[in-house]
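Welcome! Here is a short briefing for anyone meeting this structure for the first time. Please take a look at the sequence and the model, and then read on.

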Amino acid sequence: MQEFEKSISFDGRDIRLKVGLLAPQAGGSVLIESGDTAVLVTATRASAREGIDFLPLLVDYEERLYAAGRIPGGFLRREGRPAEKAVLTSRLIDRPLRPLFPSWLRDDIQVVATTMSMDERVPPDVLAVTGASIAVLLAKIPFNGPMAAVRVGLVGDDFIINPTYKEVETGDLDLVVAGSPEGVIMVEAGANQLPEADMIEAIDFGYEAVRDLIQAQRDLLTELGIELVQEQAPVIDPTLENFIRERVTAPVKEILGRFEKDKPTRDAALDEVKASVLSTIAELPEEDAVKVAAAADAKALSNTFKDVTKTLMRRQVVEDNVRVDGRKLDEIRPISCRVGVLPQRVHGSGVFNRGLTQVLSIATLGSPGDEQEMDDLHPDSEKRYLHHYNFPPFSVGETRPMRSPGRREVGHGALAERALVPVLPPKETFPYVIRVVSEVLSSNGSTSMGSVSGSTLALMHAGVPILKPVSGAAMGLIKEGEEIRILTDIQGIEDFLGDMDFKVAGTDTGITALQLDMKIAGLPMEVIASAIHQAKPARLHILSKMLEAIDEPRAELSPYAPRLLTIKIDQDQIGMIIGPGGKTIKGITEETGAKIDIAEDGTVTISAIEGEKAKRAKAIIQGMTRKLSAGDIYAGKVTRIIPIGAFVEFLPGKEGMIHISQLADHRVGKVEDEVALGDEVIVKIREIDNRGRVNLTRLGIHPDEATAAREAAAAK
């Protein structure tokens, strides 16, 4: 392909598209740039593998540290396992891309986005999403696009397109909107309790920019002389499909019409119907056309059965306004909440139940040294709030190998994290590092929103002074022709067979997180707005049930949570506290049993399970860093005796020497005649020499000064 370049401008911020420059053997490739951020996106198609009955789409986002002029750390000095941010960006690309491929497509498709240059002002993720659409179109893969994405920020009262990292950090909104010509197809947002009306306006604002990017892609294809690919769906022999439909439609309709609230019972009944059809086919003569077709297409029964179930479930919702479990469209399943279900060794715990979905969240408090160091291209180098999500196979009654967290687990944990970060107390008033782990113990829809609610309970039970409690609800959608039904609190079957999964989390004031995924080509803004408005009473209802379990953060931390004390020292004193090779700080830690973290600005955080240990370490550091002056009077203890004098610890970790001539107002023959090891003595600083050594005296101290020194020492 010949080299070609096109530029698009948003409020003075250009996006440049370069095709035909790099990766000539990929099916399609584009270098998409903005500022000094450049992302190479490729799309490649391979022939379908035998037996595949789904779209094997693989999306990978790769970060190269050379993009920011950095060399990787570690022993190997090269990039390895993708960072969490890279995993989330892969999902961000996949989610709006996948619904736009034809439902019949079974070819292997791989999209790879590689950040090759990084401008800290320009995030690469939304560029990669738009670049994926262009690469697929250039690869001439069947695709109902174009598709594009933009980020929307809120600075002051103004929405801005594709804000810088700084503008996102200082603003109240971080919203990604992706869309197709049919409408909005994906939303991902974190917000500072933004009202519903403002969020709807922001999504609409973003989709207007998406339309411009879609038109730019159309113009690019026209200028390159490339037409959208229109391949025909494969023709399927109807013999077997009609046979199956005739036998399953009536019993499936009857099962769905029972409005069975118990999912296992409903699933067992549906499985019996499938088994009976298989048995019927097995009894047919060998030469029967149905049996021959079944042997050629072993997955036909499952596919047809799913299609029948989907059609009947959706028709029931659209025509009768009733769901498979008998609920109304806006009705929420029964909710129950508990806190403190685990022993106090766990700093905070909460269980959230909604129908058959159950999530147990556990909160753990740590010291500043427990912050996670981020080794990726994102400007933020550390995280003080960590949210992890686990989804074991037993939660859905299945068995499978349990390995490291997959993309789903990472994505759901990140969504819950995004929902809760806006209500966490500032580091200045609550310096703890916080980790919450959400264990999904039973799943039947919207475990991510269950994680938000359960984690709010755990944080409050742990004594974290959150600004406001957060709850979440998942909204669904059934679209049949022009008929649209929005469902509140979707369960598994409605997610699996529906058209939308729209998760909304927030406080009673506003929204803190959104995540919208579609299975159709897009939705108009009025439907998105209706879903957001319908989610609010659901969130508030869930919140009221949570507050029945715990209505405010616990006043006291768990006795097993670390106690933190914070002091500030001069930056030039940091080296003194650490000591050569860390000797001094290690000595304090060994003596007191406390953990000590020192920030570059001189903030010292001391943590220990037992508060007295932390106080002892704090006193030592304060003593070492206190500004001393000649004439200051202290109560101290004799720690060493030498022939010419005695050493006295007059502040924790701070010693000075009393020369034998300064022990008494008469001539002293031996030091031991006046003091012994462990004696309490009142001393005054006589001088501090040019090497920082402190010389003490017992002379010239008024009785009132001695009394004040003893009282000050006792108060510590």
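Predicted model: local features only at pLDDT ≥ 70, side-chain atom pairs only at ≥ 80, totals over all residues.

The protein has 716 residues, and 52% of them are buried.

**The whole protein**

- You can find 16 helices and 29 strands in the protein.
- Taken along the principal axes, the C-alpha atoms fill a box of roughly 120 × 60 × 50 Å.
- Of the contacts between residues at least 6 apart in sequence, 69% join residues at least 24 apart.

**Helices H4 and H12**

- Helix H4 covers residues 196-224 and helix H12 covers residues 525-549; their axes come within 10 Å and cross at roughly 155°.
- Angles over 145 degrees count as roughly antiparallel, and H4 and H12 are therefore roughly antiparallel to each other.
- The crossing of H4 past H12 is right-handed.
- On the H4 side, Glu196, Met199, Ile200, Ile203 and Asp204 take part, and they meet Met525, Ile528, Ala529, Ile532, His533, Lys536 and Arg539 of H12.
- Sorted by class, this contact of H4 with H12 has seven nonpolar, one polar and four charged residues.

- Helix H5 (residues 238-256) packs with helix H8 (residues 300-320) at an angle of about 40°, and their axes are 9 Å apart.
- That angle makes H5 oblique to H8.
- H5 passes H8 in a crossing that is right-handed.
- From H5, the residues in this contact include Leu240, Ile244, Val248 and Val252, while those from H8 include Leu301, Phe305, Val308 and Leu312.
- Eleven nonpolar, four polar and four charged residues make up the contact of H5 with H8.
- H5 also packs with helix H7 (residues 289-296), here at an angle of about 105° and with the axes 8 Å apart.
- That makes H5 roughly perpendicular to H7.
- Thr239, Leu240 and Phe243 of H5 make this contact with Ala289, Val290, Ala293 and Ala294 of H7.
- The contact of H5 with H7 has six nonpolar residues, one polar residue and no charged residues.

**A look at His387**

- His387 is found in strand S16, which covers residues 385-390.
- Is His387 buried or exposed? With a relative accessible area of 3%, His387 is buried, because buried means under 20%.
- The side chain of His387 makes a polar contact of 2.9 Å with the side chain of Tyr385.
- Another polar contact, of 3.0 Å, joins the side chains of His387 and Ser438.
- Beyond its neighbours within four places in sequence, His387 is in contact with Gly413, Ala416, Glu417, Leu420, Val436, Ser438, Ser451 and Ser455.

**A look at Gly156**

- Where is Gly156 placed? Gly156 lies in the loop between strand S7 (148-155) and strand S8 (158-161).
- Gly156 is exposed, and its relative accessible area is 58%.
- From C-alpha to C-alpha, Gly156 and Asp172 are 8.3 Å apart in space, and they are 16 residues apart in sequence.

Methods:
Residues numbered from 1 in each chain as written. Heavy atoms only, no water. Axes fitted to C-alpha atoms, helices over the stretch in contact; angles between N-to-C directions. Helix = DSSP H or I, 4+ residues; strand = E, 2+ residues; numbered from the N terminus. Parallel < 35°, antiparallel > 145°, perpendicular 65-115°, else oblique. Left-handed = near helix turned anticlockwise from the far one by under 90°. Contact = heavy atoms within 4.5 Å. Nonpolar A, V, L, I, M, F, W, Y, C, P; charged D, E, K, R; others polar. Buried < 20%, exposed > 50% of the residue type's maximum accessible area, 1.4 Å probe, protein only. Polar contact = N/O pair within 3.5 Å; in protein donor to acceptor, adjacent residues only side chain to side chain.
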